[in-house]
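Dear colleague,

Please find below the structure that I am handing over to you. My notes on what was found in it follow directly after.

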Amino acid sequence: SGQAHAFLKQGPAAERDLRMAVKLASRHELYWFTLADNYANNLRDNAQALATYEHLWSLTGKSNGWLPISVTLARARILTDQVKTDEALAILNQYDDLTTMAPVWRVRMLRAYGHAYAAQGDEAAALAKFREALALEQP
């Protein structure tokens, strides 16, 4: 029911149920992801969201799967929004070879780089990443 509460934007109820779920199934990655997203999107608690995403990263490790990349993108987005761009870029740089990713994930990573560079004020680097993403999206 925690996932349903999160989907319905019932942040406190989702947090309660998801905390119970991760207590009972501490390695269930989807529960952790939903809890982190609930902190970020419903409760607007970026500190808790980042801590929960970091814990989830410790469970998943780096791979080209949807969950580790989603965690990377979520962490980078929060840090970019906080104008902690060096930290955001360090997280994105954990994936040093984007060419091994599925195109949809590569586009999302390139956009995340673009936003981080834009937040830094590096217009040329931001535009280069956005253009690279756009080129992948065009048939």
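In which loop does valine 83 lie? Valine 83 lies in the loop between α5 (66-81) and α6. Before the remaining findings, two remarks on the basis of these notes are in order. This is a predicted model, in which local features need pLDDT of at least 70 and side-chain atom pairs count only at pLDDT 80 or more, while totals for chains, interfaces and linings use all residues. Residues are numbered from 1 along each chain as its sequence is written, and side-chain values use heavy atoms, with hydrogens and water left out. Helices are DSSP runs (H or I, at least four residues), numbered from the N terminus.

**Loop residues with positive phi**

Valine 83 has a phi near 55°, a positive value in a residue other than glycine. With a relative accessible area of 55%, valine 83 is exposed; here exposed means over 50% relative accessible area, buried under 20% and partly exposed in between, with a 1.4 Å probe and protein chains only. Arginine 44 likewise has a positive phi, of about 55°, although it is not a glycine. Its place is in the loop between α3 (29-42) and α4, and arginine 44 is exposed at a relative accessible area of 62%.

**Helices α7 and α8**

Two packed helices are described by the angle between their axes and the distance between the axes. Helix α7 (residues 103-120) and helix α8 (residues 123-137) pack at an angle of about 160°, and their axes are 7 Å apart. The axes are lines fitted to C-alpha atoms, for helices over the stretch in contact, and angles run from 0 to 180 degrees between N-to-C directions. That angle makes α7 roughly antiparallel to α8 (angles over 145 degrees count as roughly antiparallel, under 35 as roughly parallel, 65 to 115 as roughly perpendicular and the rest as oblique). The crossing of α7 and α8 is left-handed, a term used if the near helix is turned anticlockwise from the far one by less than a right angle.

On the α7 side, the contact is made by Arg106, Val107, Leu110, Arg111, Tyr113, Gly114, His115, Tyr117 and Ala118. On the α8 side, the residues are Ala125, Ala126, Lys129, Phe130, Glu132, Ala133, Leu136 and Glu137. Contact means heavy atoms within 4.5 Å. By class, this contact has 10 nonpolar, two polar and five charged residues; Ala, Val, Leu, Ile, Met, Phe, Trp, Tyr, Cys and Pro count as nonpolar, Asp, Glu, Lys and Arg as charged, and the others, Gly among them, as polar.

Alanine 126, which lies in helix α8, counts as buried at 4% relative accessibility. Not counting residues up to four places away in sequence, alanine 126 touches Gly114, Tyr117 and Ala118. Alanine 126 and arginine 111 are 15 residues apart in sequence, and their C-alpha atoms are 8.5 Å apart in space.

**Helices α3 and α5**

The axes of α3 and α5 come within 12 Å and cross at roughly 20°. The two helices are therefore roughly parallel to each other, and their crossing is left-handed. Glu29, Leu30, Phe33, Ala40 and Asn41 of α3 make the contact with Trp66, Leu67, Ser70, Val71, Arg77 and Ile78 of α5. Seven of these residues are nonpolar, two are polar and two are charged.

**Aromatic pairs**

A search of the whole structure finds four aromatic pairs. Rings of Phe, Tyr and Trp (its six-membered ring) pair if their centres lie within 6.5 Å; planes under 30 degrees apart count as stacked, over 60 as edge-to-face and the rest as tilted. Tryptophan 57 and tyrosine 95 have ring centres 6.2 Å apart and planes at 80°, so this pair is edge-to-face. The pair links distant parts of the chain, 38 residues apart: tryptophan 57 is in helix α4 (residues 46-60) and tyrosine 95 in the loop between α6 (85-92) and α7. Both tryptophan 57 and tyrosine 95 are buried.

Tyrosine 113 and tyrosine 117 form a stacked pair, 6.1 Å centre to centre with 25° between the planes. Both lie in helix α7, four residues apart, about one turn of the helix. Tyrosine 113 is buried at 5% relative accessibility, and tyrosine 117 is buried at 19%.

With kind regards
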